[in-house]
Amino acid sequence: KEQFRTDRTIQPNHRNVEKIMTNLRCNQINCLLYLSLARKAINVKSCVLCVICGGSNMNAAKAWYKEVWDYNYCHNERNFNRPGHAGKATGHFTQVVWKTSTKLGIGFARSADKKTVYVVGRYLAHGNVGGLYGKNVLKANYLFHTFQNNCNGKNGRFSAWSKPGECSQSCGGGIRFKTRTCTNPKPSLNGGDCYGTTSQLAAQQWCNTQSCPEGDKSHRVQQCQARGLLAKSYTFNNNQCGLFCHSGSGNIYTGAGKVDDGTHCNSDSGVCMDGQCKTMPKYESSKSEQNTGAEEGEISGSYTDIPNANIWKNLILTVPNGAINVDITNYFYEDASICVGYKKSHGGMGYSFCENSWMNDHVAYYGEYKKTKTIAGVTFTYNRNKDYSEIYIDGPVHSTPGYSFVLFVKGSSEADIEWTYDV
């Protein structure tokens, strides 16, 4: 078999890995470097099978790192699993984040029938060494959104159900959810999880029943796009709450997980909730237009505070559907950076574009840095010069149903951000 060798240096964005050198010598399989996997510093001591991926797209790095939710930080090297997670593997995760591992090789091979992928890795210095877990497997701050930072063995309990939230779709028939969280209290690091659903239908009643504008893509197609896949979907009768997006080849559609909660199923006589089709009255579109609730005219605002260390508490602007001439200006981008993202109508948010200091090199050489991106169905242009940065949207804004286009800010110094738009 062909041997894989490389001496390319990669520097991933991982706080526990200062430099990762690919250093794989795998004679038993054909190996191919996956830089996206290397960004997460994947496991193992030697060239050993780590994960088997069949049929669907699967990120091995995420699969290994996901073991963090099974890992017991209070184990004292006796019981590595949290209550209720007995028998779950945790060794991949601990090696992923092992502080002193600095060299990594990654490769994969396909089975003869092309249906199975074997992902392998090699680490130096290797991790999972007895007596050294406490120094090398550190707690990430985001864990404390879910857990108490203690080893008191407290189990989690659910909060009360919330009031009905916003409609899951801006047109074409959505639903409203009630939600609850495992925060009453949160579990300890060695405590048990809450068991049960975290969202439910507020009522078997459609909202925003007006038809979507002619030419709009279906909700499933928009979900394919939002997940970075081709804008073409197919619904299988035996799996109506699975999202299947065109592979780009022939008549082949690949699975992309579950559809978003609130997606229609059963010929518009049901909605998907956590992958299950729940019965609803038959959806019929209305003739009325949606009322956005916004007054006509120019809207302006600003943010001049010091951002919270937790970026999820720094949502500074939600751009409404229908907005035009959206102009956001950041005068102190070195001190407080804008991140562009989304917020789901029934919970959950994220971002996929942030201002970064490396853009300054581009500005110094070319005089400006300019980028056009689409997030949550909204296309915007980012422009940065030596004096300020700007985000501009011609509009009208029409975000992906079930999503809002939002801005976050991060930094440790006072911000100076202003915005205007017309509605």
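**Exercise 1: A hairpin**

Task: In this predicted model, determine how many residues lie between E16 and E17 in their hairpin, and which residue in the turn has a positive phi.

Solution: Four residues separate E16 from E17 in the hairpin. In the turn, Gly-347 has a positive phi of about 110°. The pairing of E16 with E17 is antiparallel and comprises five bridges. Within E17, Gly-350 is the residue opposite Tyr-342.

**Exercise 2: The sheet around the hairpin**

Task: State the order of the strands in the open sheet of four strands, and identify which strands stand at the edges.

Solution: Begin with the other pairing of E16: strand E21 (residues 403-411) runs antiparallel to E16 and is joined to E16 by nine bridges. One of the bridge pairs links Lys-344 with Tyr-403 in E21. Next, read the order of the open sheet, which is E14-E21-E16-E17 with antiparallel pairing. Strands E14 (315-319) and E17 (349-354) each have a single partner strand, so they stand at the edges and one side of each is left without a neighbour in the sheet. On average, neighbouring strands of this sheet are turned by 30° against each other, direction ignored.

**Exercise 3: A surface patch**

Task: Find where Phe-332 lies, and decide whether Phe-332 is buried, partly exposed or exposed.

Solution: Phe-332 belongs to the loop between strand E15 (324-330) and strand E16 (336-344). Its relative accessible area is 38%. Buried means under 20% and exposed over 50%, so Phe-332 is partly exposed. Together with Tyr-331 and Tyr-388, Phe-332 makes a nonpolar surface patch of about 270 Å².

Technical notes: Residues numbered from 1 in each chain as written. Predicted model: local features only at pLDDT ≥ 70, side-chain atom pairs only at ≥ 80, totals over all residues. Heavy atoms only, no water. Patch = residues over 30% accessible without salt bridge, like charges linked within 9 Å, V, L, I, M, F, W, Y side chains within 5 Å. Areas by Shrake-Rupley, 256 points an atom, 1.4 Å probe, with all protein chains shown as cover. Salt bridge = Lys/Arg side-chain N within 4 Å of Asp/Glu carboxyl O. Helix = DSSP H or I, 4+ residues; strand = E, 2+ residues; numbered from the N terminus. Buried < 20%, exposed > 50% of the residue type's maximum accessible area, 1.4 Å probe, protein only. Pairing = 2+ DSSP bridges. Axes fitted to C-alpha atoms, helices over the stretch in contact; angles between N-to-C directions.
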